[in-house]
Amino acid sequence: MAEIQTEPVTLLPSVPLDADEERLQLREVERTRQAQRRTLIWIVSWRLTLLVVLLFGWYFASGHIVDRLFASNPIDVAKAFGDYIGDGTLWYNLRYTLIEVAVGYGAGTVIALVAAGLLSIFTTAHRVLHPFLMALYAVPKIAIAPLMIMWFGLGLTPKFLLSGIFVFFVVFMNTLAGLRSVSPSLINVARVMGARRHQLLLKVVFPSATPNVLTAMRITVPEAMVGAIVGEFIAGNRGIGYLINSASNQYNTAGVFAGIIAILIVVLLMDSLVTLLERRLMRWRPPSAADR
Amino acid sequence: MTALRRAAAAGGAPAGDPRRLTLERLYKVYVSRGESLLAVRDVSLKIEPGEFVTFLGPSGCGKSTVLNMLAGLESITDGSAHQGGRPITGVNTDVGYITQDDNLLPWRTLLDNVAFPLELRGVGKGERRERAHELLRSVGLAGFESAYPHELSGGMRKRGSIARTLLVDEPVILMDEPFGPLDAQTRLLLQDELLRLWSGSGKTIVFVTHDLVEAIALSDRIVIFTSTPGTIKSIHTIDIPRPRDVFHIYETDRFTELFDLLWAELREEITKARARH
Ligand SMILES: Nc1ncnc2c1ncn2[C@@H]1O[C@H](COP(=O)(O)OP(=O)(O)O)[C@@H](O)[C@H]1O
Ligand SMILES: [Mg+2]
């Protein structure tokens, strides 16, 4: 046997005991939590600062740099918003828009998921339909709006359809891309394990498309709103789009801004719902640097 | 699958032993972008029940292709492969299949990943979790049941994927460079563990590697492939007695002899393969 020189490890007298090491871990957990909280506080304060700066800028620019008639100002907008809430105008119109967006977004997403699922199963059908789908995708959706009004009148139907169409294509395309990006080796391993076709789809292919589906669901939140608002602009007598349109016809700039703010709030709320869904469904993902 | 095993259990003819593999004049031609490539040429080989056979050769020589034909994932261009008395035609569900990637489903916890093959067979949740749990303990992964794959080290993921394969008791296990991406120490530990799990199981293992040391340490027989188109160059019996100690096997004289002998064979093919690229 060969010889090797071995040096004894010298332990300092105060080797931490198990209890000390546990305390060390707890301290580190607490430190990390505090560091995260500090960062969050920083970010929120910057956001608020920026918001205040913007509001002040708006307030002082209006009437000096830009015509007050066109720019309004934050105080008038707040007043208009308050008035809309007070006399029920806001809720009367918002309710209508909310229904349009909810139905359009929900139905558009569900139909897109089902269609993408079906086309990923029936690949030949997909190849046949591909150019037609691309052609439809290429049409600017706004161009369809007048047609929808002509065909379906002034009620809710054309708005459901517009909002749904705005959502459908994005979710459909992204889901299809996600379904096709499934790792072939995952599929192969599952097949050797005896997975049947429907098991492959349900347990391997569909789950691997979730990241794409969620991305699409995030992108399409404002799209659903755009669809509904466009419909209300073109024709209708109710909804936030209608409210904005009629305020602008009366040169009521503050009213226009109040309507826009209502839209903003709804979109932000929907976006945080998607974030919640994402947190729930994507726990298995390694956290990325871009995570908020 | 069950029919096969039932036949074996009923003391069917040795030829019907589902642990036996027979490769007869196998050819594989790949066609991609209008070009054809002869990847495997005239491979004939008999693998006996319970044997540990390793395919060794320069990378790109067709080892994975042969293995994938045995798994039924690649079609056989010409010739035939049999498991027991049954020709391998479609996907072969009578084998375990482990590749370089761990192929765990990233959205499932380790426990649900290991239990996955039982889930596919319709085994109830309670039972499959219990069995997966037990197996995880036996490969040293107790306590990590609820971790997602990205939270585990490469070695742990590989252990998980081996556990998943062992959970359903297939007569043959195909392993395609399973320890390739691991660091040297983890590799040794897993080689040792593989031998421990395999010994006495009676399973046949077909193992692919381009690492000569690993091949000698593990195998009963080593099949050396020529560079493309892959064909069998020579077959060697590794007569180092079992149980083997993968940590110290290098120190034996027999190992050194075998290494020198096989390296001479292998080097020739590696040089040829290199000259081509
Ligand atoms: N799906 C495929 N299509 C075309 N050529 C392939 C395909 N798979 C492997 N090949 C080619 O076949 C040869 C053998 O590949 P492979 O069996 O993966 O080699 P090894 O596993 O020994 O490294 C290589 O030249 C490789 O490029
Ligand atoms: Mg290979």
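Biologist: By class, what residues does the shell around ligand 1 have?
Modeller: In this predicted model, the shell around ligand 1 has 4 nonpolar, 5 polar and 1 charged residues.

Biologist: And which residues are they?
Modeller: They are Tyr30(B), Leu37(B) and Ala39(B), together with Ser59(B), Gly60(B), Cys61(B), Gly62(B), Lys63(B), Ser64(B) and Thr65(B).

Biologist: What lies 2.5 Å from an oxygen atom of ligand 1?
Modeller: A polar side-chain atom of Ser64(B) lies at that distance, 2.5 Å, from an oxygen atom of the ligand, and a polar side-chain atom of Thr65(B) is likewise 2.5 Å from an oxygen atom of ligand 1.

Biologist: How much of ligand 1 does the protein cover?
Modeller: On its own, ligand 1 has 560 Å² of accessible area, of which the protein covers 65%.

Biologist: Which elements give two or more residues to that shell?
Modeller: Those are β2 (35–47) and α2 (63–70), both of chain B, and α2(B) gives the most, with 3 residues.

Biologist: Back to Lys63(B), what part of that residue lies 2.9 Å from an oxygen atom of ligand 1?
Modeller: For Lys63(B), the atom in question is a backbone N or O atom, which sits 2.9 Å from an oxygen atom of ligand 1.

Biologist: Switching to chain A, at what angle do the axes of α4 and α7 cross?
Modeller: The axes of helix α4 (residues 89–121) and helix α7 (residues 157–180) of chain A cross at roughly 35 degrees and come within 7 Å.

Biologist: Is that crossing left-handed or right-handed?
Modeller: α4(A) passes α7(A) in a right-handed crossing, and the contact between these helices has, by class, 17 nonpolar, 8 polar and 2 charged residues.

Terms used
Residues are numbered from 1 along each chain as its sequence is written. Chains are lettered from A and ligands numbered from 1 in the order in which they are written. This is a predicted model: local features need pLDDT of at least 70, side-chain atom pairs count only at pLDDT 80 or more; totals for chains, interfaces and linings use all residues. Side-chain values use heavy atoms; hydrogens and water are left out. A residue is near a molecule or strand if one of its heavy atoms lies within 4 Å of it. A polar contact is a pair of N or O atoms within 3.5 Å; within protein, one must be able to donate a hydrogen and the other to accept it, and residues adjacent in sequence count only if both atoms are side-chain atoms. Accessible areas come from the Shrake-Rupley method with a 1.4 Å probe; for residues, only the protein chains shown count as cover. Helices (H or I, at least four residues) and strands (E, at least two) are DSSP runs, numbered from the N terminus. Ala, Val, Leu, Ile, Met, Phe, Trp, Tyr, Cys and Pro count as nonpolar, Asp, Glu, Lys and Arg as charged, and the others, Gly among them, as polar. Axes are lines fitted to C-alpha atoms, for helices over the stretch in contact, and angles run from 0 to 180 degrees between N-to-C directions. A crossing is left-handed if the near helix is turned anticlockwise from the far one by less than a right angle, and right-handed if clockwise.
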